[in-house]
Amino acid sequence: MSKILITGGTGLVGSSLEFDNCVKLSSKDCDLRDTQQTYKLFESLKPDKVIHCAAKVGGVLSNMAYKGDYYHDNIMINTNVLEASRRVGVKRVLSFLSTCVFPKDIDYPLTEDKMHDGAPHEAHYPYAYAKRMLDIQSRAYREQYGCDFISVIPVNLYGPNDNFNLENSHVAPALIRKCYEAKINNTPFVVWGTGKPYREFIYIKDIAKLTAWTLENYQDKGPLIFTSSIETSINELVEIIAKCFSFDGKIVFDKSMPDGQYRKPSSNKKLLSHIPDFEFTSLEDGIAETCEWFQKKYETVRK
């Protein structure tokens, strides 16, 4: 039976993945930014397959405030994990990228072949370039060493076990926390930006199913976007979350805060060519499950 190592095993993606003979790695087990620590760990575990989810991640404001940290930490983590995998003969590495790798100015929808066609958005360019290099390193190792290293690009993830810290979380968990706290404190629900931008969201349970399929079955060398291709405005997302919590207070859009990119629709044509019958969880159902989980776990969630 193959031994599977999951980096970032306690994060949103890693915690959702379940395999037989699986080792989930957290930052407490190894600092993947440290080259020697990483090599030593991989030599000890000798995994057959690796799902690489570990990364320094955050929202728009965090990316803008800590540009150097986001570049350095991610470039070191990715470089070390892939090189350690090559050294110990890992049979397959599946790495998680992000849609922020795509250029700011691009013809939509986003497709896998457009990743390197221009500069990413200035709000998160250090993180985006570090993630792009993960694709480059995977490709270079395939071409020189014959390594079976692939990558996937999920759209905005959400679900139980997410990070709800308002300084470095993504949009869905941040809004869920803000709405719930506005309700229990009887204060306005304050939303950053205008509410007009559109995003695509994917429930973590869908990611787990797609990851398991891709690890075992995907034979293409290029990246694969994980998306339903359904766009939702931030305003619509706010309304869904407010309904889940039965929030009837005041909703305020703080237009002094940045919106980020207005929209970045992506294509799931390639994904559906491989898994044509895949059924995505609706945003309403996924958010409802996440809000219910958050309310029950409020005291202990990552925040």
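How do the residues of the lining of the second largest pocket divide into nonpolar, polar and charged?

## The second largest pocket

The model discussed here is a predicted one. In the second largest pocket, the lining is made up of eight nonpolar, four polar and three charged residues. The space in this pocket comes to about 210 Å³, and of the 15 residues that line the pocket, Ser228, Ile230, Thr281, Ser282 and Leu283 are the closest to its centre.

Two or more residues of this lining are given by each of strand E8 (198-203), helix H8 (234-244) and helix H10 (283-296). The largest share comes from E8, which gives three residues.

## The six-stranded sheet

Six strands form an open sheet in the order E2-E1-E3-E4-E5-E9, and their pairing is parallel. At the edges stand strand E2 (22-24) and strand E9 (224-226), each of which pairs on one side only, and from one strand to the next the twist averages 20 degrees.

The pairing of strand E1 (residues 4-7) with E2 is parallel and runs over three bridges, and here Ile6 stands opposite Lys24 in E2. Helix H7 (residues 204-217) lies across E1, strand E3 (49-52), E4, strand E5 (149-154) and E9, and the helix runs at about 150 degrees to E4.

The partner of E7 considered here is strand E11 (residues 251-254), and the two pair in the parallel sense over four bridges.

## A buried histidine in a loop

Where is His124 found? His124 belongs to the loop between strand E4 (92-96) and helix H5 (125-145).

Why does His124 count as buried? The relative accessibility of His124 is 15%, and because buried means under 20%, His124 falls within that class. When the neighbours within four places in sequence are left aside, His124 is in contact with Asn63, Cys100 and Gln261.

Methods. Residues numbered from 1 in each chain as written. Predicted model: local features only at pLDDT ≥ 70, side-chain atom pairs only at ≥ 80, totals over all residues. Heavy atoms only, no water. Buried < 20%, exposed > 50% of the residue type's maximum accessible area, 1.4 Å probe, protein only. Contact = heavy atoms within 4.5 Å. Pairing = 2+ DSSP bridges. 1 Å grid on protein atoms, 1.4 Å probe; cavity = no way out; pocket = protein on both sides within 12 Å on 5 of 7 lines; lining within 4 Å. Points joined across faces, edges and corners; volume = space filled by probe spheres on them. Nonpolar A, V, L, I, M, F, W, Y, C, P; charged D, E, K, R; others polar. Axes fitted to C-alpha atoms, helices over the stretch in contact; angles between N-to-C directions.
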